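Here is a short report for a first look at this structure. Please view the sequence and the model before reading on.

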Amino acid sequence: MDDRASPAADAERAAEQEVTNARIAGAGGLLALGNVSSRIIGLARETVITYLFGATGAVDALQVAIIVPRAIYDLLIGGHVNGAIVPVLSDVVARRGKDDLWRSVSALASLIVVALAVLVLVIEFFAPQIVPLVAPGADPATQSLAADLLRITAPSLLALSLFALFSGTLFALRAFTLPAFAGVVFNGCIVILTLILAPSLGIVAVAIGWLVGSLAQMLLQLPGLSLRSLRPNWHWRQPALRRIGLLYIPVMLSLILDTLIIRPFSYSLASHAGEGSIGIMNWATTLIQFPQGLVATAISAAVLPTLARQALDATAARAFVDTLGMGLRLTLALILPAAFGLFVLASPIIALLFENGAFLAADTLVTSGALRWYLLGLPFAALDLLLVYAFYARKDTLTPALVGIVSLALYVGAALLLFEPLGLYSLMLADSLKHAAHAIICGALLWRKLGGFGGQRLLATGGKATLASLVMAAAAWLSLPALQGWIGGETVLHEALLVTIAALCYGGIFWLVARWLRLDELAWLWGLLRQRLGRG
């Protein structure tokens, strides 16, 4: 009887998993659309900044003014979102309902407002003393400007933190639309206000745009929340808050190392690599975040609420592995061609986006080199994000934090060892080694905890995606010089035409090779897209 029931049970489980996969893919597609829109406007933001200010000390001062509130946000709130807020609030919704959810969110919001309002006042008062700690190698004029800009950007800490809480709440409710497009609003405000105010205010306009953008993206989340249920709540001993705090302690320890040691170390080392190095590092990071946000962040954010709910059910171990495996396979199938394509097209893309006004051809050369060193670690970083989220879904934040300490130590050692021969590029190579180490160790530990990944064909998918990406990259490397000679590069229009034709041609090559190799994940995505378009 059990033997006869087993095939039926397997078929039912497979059908349920297919529905889950389709729902996650839909959410991932929505998040990817929001991310790519945000990244495009983010690139427009960086293009405007490079055009108006170039790789100068003013841009370095701006980066310092942004780094301080952003680093504190990451330390105190940002790490909560996926490490504690989404898993715990998903648990609250599943077990106790929405009334308890709103009480927990109200209490946490009240705590954030009280604590961070005080911290913002401290930053405003001690800005001149904070800046030299972040960029000790900068000249006095740059440090003075950075202090002035920091006083403008400091209040964004409160807006960013409330946005994180509100968007995390919506993720727990599996409502992805408003969080997906928050970055569009944020970057759009910076672009618009910079263009309007820069002629009269200079670099100060960008800092004002940063503050207004952080406030706007927070306000965008409010329509998705039950505003009547959100009210000041000073009862901070609620079980959900305690669980969030306990889960966050390991995350916070690793973030303390990253925020208070690694980031200042990185910017200090970059500031000793020459004027504009901090800006170049930031621009290369912006470009690497484009595929990271489009693929890894979108898939991981879509998968996390489902993994968190599956982790609550002891009978759903197989479903947990299947959901995780689907996310890993999709990530491999999409991030590898993105990394290879961006590697070979680094210089044309940077020239198109940034080489205008005060940003010169020499800056393009250095920035493309930095980007290529970063790209070595991109596939590992993409997989690592999903692996870390799998730990978070199982209410285990300690393991990724301990692995993070090991990888951060590797980063510091590699950067110092390689700084003399590689200069600025030592930071990018060290970052790639850090991501590789973290992903490999987390993957091995999770494999052991789950008893394997349940025959998810990860090696087959990775091998096929790598081979198709290598064929695409070889074709690009051989034909790109001829294509550049044919199109020319005298104007922005020529550069845009070159990047567009190259992306279409080389992307088409990858698609054809992937189809020939029967890369099933791409075929599944294509079929799902056609199905949704047909319904539309």
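## Confidence along the chain

This is a predicted model. Among the elements of the chain, helix H8 (residues 204-220) has the highest mean pLDDT, at 93. Helix H19 (residues 520-535) has the lowest, at 64. Residues 1-5 have a pLDDT below 50. Beyond near neighbours in sequence, that stretch makes zero contacts in the model.

Where pLDDT is low, the predicted coordinates should not be read in detail. For the chain, the average pLDDT is 83. A score of at least 70 is reached by 89% of the residues.

## A serine in helix H5

Ser161 sits in helix H5, which spans residues 156-172. Is Ser161 buried or exposed? Ser161 has a relative accessibility of 0%, so it counts as buried. The cut-off for buried is under 20%.

Which residues does Ser161 touch, leaving aside its neighbours within four places in sequence? They are Tyr73, Ile77, Ile112 and Leu116. The Ser161 side chain also reaches the backbone oxygen of Leu157, at 2.7 Å.

How many disulfides does the structure hold? The count is zero. A disulfide is a covalent bond between the sulfur atoms of two cysteines.

Cys189 has a relative accessible area of 18%, so it is buried. Cys442 has a relative accessible area of 0% and is buried too.

Methods. Residues are numbered from 1 along each chain as its sequence is written. This is a predicted model: local features need pLDDT of at least 70, side-chain atom pairs count only at pLDDT 80 or more; totals for chains, interfaces and linings use all residues. Side-chain values use heavy atoms; hydrogens and water are left out. A disulfide is a pair of cysteine sulfur atoms within 2.5 Å. Buried means under 20% relative accessible area, exposed over 50%, partly exposed in between (1.4 Å probe, protein chains only). Helices (H or I, at least four residues) and strands (E, at least two) are DSSP runs, numbered from the N terminus. A polar contact is a pair of N or O atoms within 3.5 Å; within protein, one must be able to donate a hydrogen and the other to accept it, and residues adjacent in sequence count only if both atoms are side-chain atoms. Contact means heavy atoms within 4.5 Å. pLDDT is the predictor's confidence in each residue, from 0 to 100.
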